[in-house]
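The sequence and structure come before the discussion.

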Amino acid sequence: MTQFPQVRLRRLRRTPAIRRLVAETTLHPADFVLPVFVKEGIAEPQPISSMPGVVQHTRDSLRKAAAEAAAAGVGGLIVFGVPAGKDGRGSQADDPDGISQQAIADLRAETGDDLVVMADLCLCEYTDHGHCGVLDEEGYVVNDQTLERYASTAIAQARAGAHMVAPSGMMDGQVGALRIALDSAGYADVAICAYAVKYASAFYGPFREAAEGAPKFGDRGSHQQDPRNAAESLREAVLDVGEGADMVMVKPALAYLDIIRRVADTVSVPVAAYQVSGEFAMAEAAAANGWLDRERVIMETLTGIRRAGAGIILTYWATEAARMISATT
Ligand code: PBG
């Protein structure tokens, strides 16, 4: 038989140590951000049926979860407040005593500067109609009036101690409006992590139970992006950076890995990706049925998101994944 050199890719796959040596993608706990829900006026944490293991926290249980995340090496938290009372303009969003502001202050008291405290900035958890902004008579979210509400909310969140605000409402000009508002209120050091690229996605379903922010009528199609489009994501990201975004986010993650890659190749600020509630629920439900290996699926999806180009990953598995990584390295 003729001898000839054969390409053998399997040489570098032979042992776990060789595979580890040549691995291109690594996950670090410090790059994870844990989304947390805190609800006003509850005595015990409330489970969320569509998100097994995730709860609506009390102020106390939130502090505990933050301490655990910090101990596991998680990089940050993003806070979603669920107020006891809602109204048309989302008054609780920028109330200095609103639940988000209280929770942000609690978190800073608990973890200081050890964890990055991010505040999700939108009105949908605070409005009685469940929309992300102020509505006109036809139920359309009015852009510039909404920006005024966002600006005031950013200042309240900064005053409470947020290191970063994360506008998620997809209004045009929101990053610029927040940058000006924060700077003129003396919060030039508070960063903006823009949900620059946010699709109108069915994967937000479970979140709307968790945050109690489902729209009472209509949908978010008039401001969130159409899943069929990619080019406008680059416009969104570039515009947000121009308006002063310190970081940009792509959301959801798994169905939009191509978008993560293109955004990461386009901008030079850090890129975050949000592994959203539906992605979490999908894997948890399949694992609960014994159809998927839960831990492997968690790590494989996080690795895929990272490999696509996300430097930072928001995930409900942050604390658990951080522990898994520490246990294997
Ligand atoms: C609110 C907001 C949503 C999510 C994050 N911020 C829901 C929405 O836009 O309807 C979704 C997060 C998730 O599904 O995990 N503006």
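What span does helix α7 reach from its first C-alpha to its last, and what span is expected?

## Basis of the model

This is a predicted model, in which local features need pLDDT of at least 70 and side-chain atom pairs count only at pLDDT 80 or more, while totals for chains, interfaces and linings use all residues. Residues are numbered from 1 along each chain as its sequence is written, and side-chain values use heavy atoms, with hydrogens and water left out.

## Helix α7

Helix α7 covers residues 231–243 and reaches 19 Å, close to the 18 Å expected at 1.5 Å a residue (1.5 Å times one less than the number of residues). Helices are DSSP runs of H or I with at least four residues, and strands are runs of E with at least two, numbered from the N terminus.

Ser 233, Leu 234, Glu 236, Ala 237 and Asp 240 of α7 are buried (under 20% relative accessible area with a 1.4 Å probe, protein chains only, whereas exposed means over 50%). Seen down the axis, these buried residues fall within an arc of 160°, so they line one face of α7 (the arc is that of the directions from the helix axis to the C-beta atoms). On the other side of α7, Ala 231, Arg 235 and Gly 242 are exposed. The buried residues pack against α5, β7, β8 and α8 (contact means heavy atoms within 4.5 Å). Gly 244, with a positive phi near 115°, follows α7.
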